Amino acid sequence: MKVIDMHTHIFPEKIAAKATVATAEYFDLPEPPNHYGSTGELLEVLRRASIDYAMVFSAATTAHQVEHINRYILSQAREHPQLIPCGTLHAEYEGFREELAWMRENGVFGVKLHPEFQHFVLDDERLFPMFEEMERQDMFLIAHMGDPRVNVSGPRRMLPIARTFPRLRCIAAHLGNWGDWDIEKIRPIAKLPNVYTDISSSFSYVQDKSPLYPILAEYDPSHVFFGSDYPIWCPEKELAKARALGLPEDLLEDVLFRNFARFYHYRAL
């Protein structure tokens, strides 16, 4: 069975460990990070786990980081074909039209936003021209979703984006609301035809998994993807957890590979 891990973060070697530890401390993880976030380490983990592809990204915490990060991500994907590049933008980055054109010309078709680390709300009005351009260029958005301690992402922040730009495909990561598994909050986005989700950092964070199964069932089965959230979590361990969810075999194959392979229509996977 082929597998795509579509939620992984990578960093240059010299800052990888520091960036990973900072992320772990921010989210008060129940266990230390499984890895430290370098490309070489990720490739070795993918090999051991027999995972065929991984989508890689890193969020720009300031506007001036956007171009540097996007070029770094592209360089790693060009060197290692099993890596699928996903770019980043920032609410204060003014050259987004030129940067989005550069991304698409170079085979980078998605944009990752992480409002908690980037210090803006997901539905910041400064982002809407960016979303409009992404929709026009057939690009997709993946956003960290949810944090009960702050109010900068989550379903109610995604709703105006997905409704305003119905042809912009939006991935609401972590089942759509990390840390706040209130199905009534998640249901409105789960029912939108242009909203997708991944299971990263969801089933790993709860002792009683029963609240998450109904949320998973709210989404179109073809709109659910497997992601590990490497380096916080280990792709090999997360893959074992996904296989242990008790999903019907055909649905499991969709989640692990076919759904994202169809979603990522830019090239054959």
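Predicted model: local features only at pLDDT ≥ 70, side-chain atom pairs only at ≥ 80, totals over all residues.
Q: What marks the phi angle of Ser 50?
A: Phi of Ser 50 is near 55 degrees, which is a positive value in a residue other than glycine.

Q: Which value does phi take at Leu 175, and where does Leu 175 lie?
A: Phi of Leu 175 is near 60 degrees, again a positive value in a residue other than glycine. Leu 175 is found in the loop between strand 7 and helix 8.

Q: Why is Leu 175 called buried?
A: Its relative accessible area is 0%. The term buried requires a value under 20%, and therefore Leu 175 is buried.

Q: Why is His 174 called buried?
A: His 174 has 2% relative accessibility. Because buried means under 20%, His 174 counts as buried. His 174 is placed in the loop between strand 7 (169-172) and helix 8 (183-190).

Q: What makes the pairing of His 174 and His 144 a polar contact?
A: The side chains of His 174 and His 144 are joined at 3.1 Å. A polar contact needs a pair of N or O atoms within 3.5 Å, one able to donate a hydrogen and the other to accept it; the pair is therefore counted as a polar contact.

Q: Which residues are in contact with His 174, leaving aside neighbours within four places in sequence?
A: The contacts of His 174 include His 7, His 144, Trp 181, Asp 198 and Asp 229.

Q: Why is Tyr 196 called buried?
A: The relative accessible area of Tyr 196 is 12%. With the limit for buried set at under 20%, Tyr 196 is therefore buried. Tyr 196 is found in strand 8 (residues 195-198). Not counting residues up to four places away in sequence, Tyr 196 touches residues including Arg 169, Tyr 219, His 223 and Phe 263.

Q: What is known of the largest nonpolar core?
A: The largest nonpolar core has 72 residues, of which Leu 89, Phe 131, Met 158, Ile 161 and Ile 199 touch the most other members. Helix 3 (residues 66-79) gives the largest share of this core, 6 residues. Apart from it lies another core of 20 residues, among them Phe 225, Phe 257, Tyr 266 and Leu 269.

Q: How many cavities of 30 Å³ or more does a search of the whole structure find?
A: The search finds 1 cavity of 30 Å³ or more. About 70 Å³ of space lies in the largest cavity. Residues that line the largest cavity include Ile 199, Ser 200, Phe 226, Glu 238 and Lys 241. By class, this lining divides into 5 nonpolar, 4 polar and 2 charged residues.

Q: Which helix gives the most to the lining of the second largest pocket?
A: Helix 7 gives the most, with 3 residues. Both helix 7 (155-164) and helix 8 supply at least two residues each. The second largest pocket holds about 210 Å³ of space, and its lining has 14 residues, of which Ser 153, Pro 155, Asn 177, Asp 180 and Lys 185 lie nearest its centre.

Q: Where does Pro 231 lie, and what is the omega of the peptide bond from Tyr 230?
A: Pro 231 lies in the loop between strand 9 (224-225) and helix 10 (235-243). The peptide bond from Tyr 230 to Pro 231 is cis, with omega near 10 degrees.

Definitions and conventions:
Residues numbered from 1 in each chain as written. Heavy atoms only, no water. Helix = DSSP H or I, 4+ residues; strand = E, 2+ residues; numbered from the N terminus. Buried < 20%, exposed > 50% of the residue type's maximum accessible area, 1.4 Å probe, protein only. Contact = heavy atoms within 4.5 Å. 1 Å grid on protein atoms, 1.4 Å probe; cavity = no way out; pocket = protein on both sides within 12 Å on 5 of 7 lines; lining within 4 Å. Points joined across faces, edges and corners; volume = space filled by probe spheres on them. Nonpolar A, V, L, I, M, F, W, Y, C, P; charged D, E, K, R; others polar. Core = buried A, V, L, I, M, F, W, Y, C linked by side-chain atoms within 4.5 Å.
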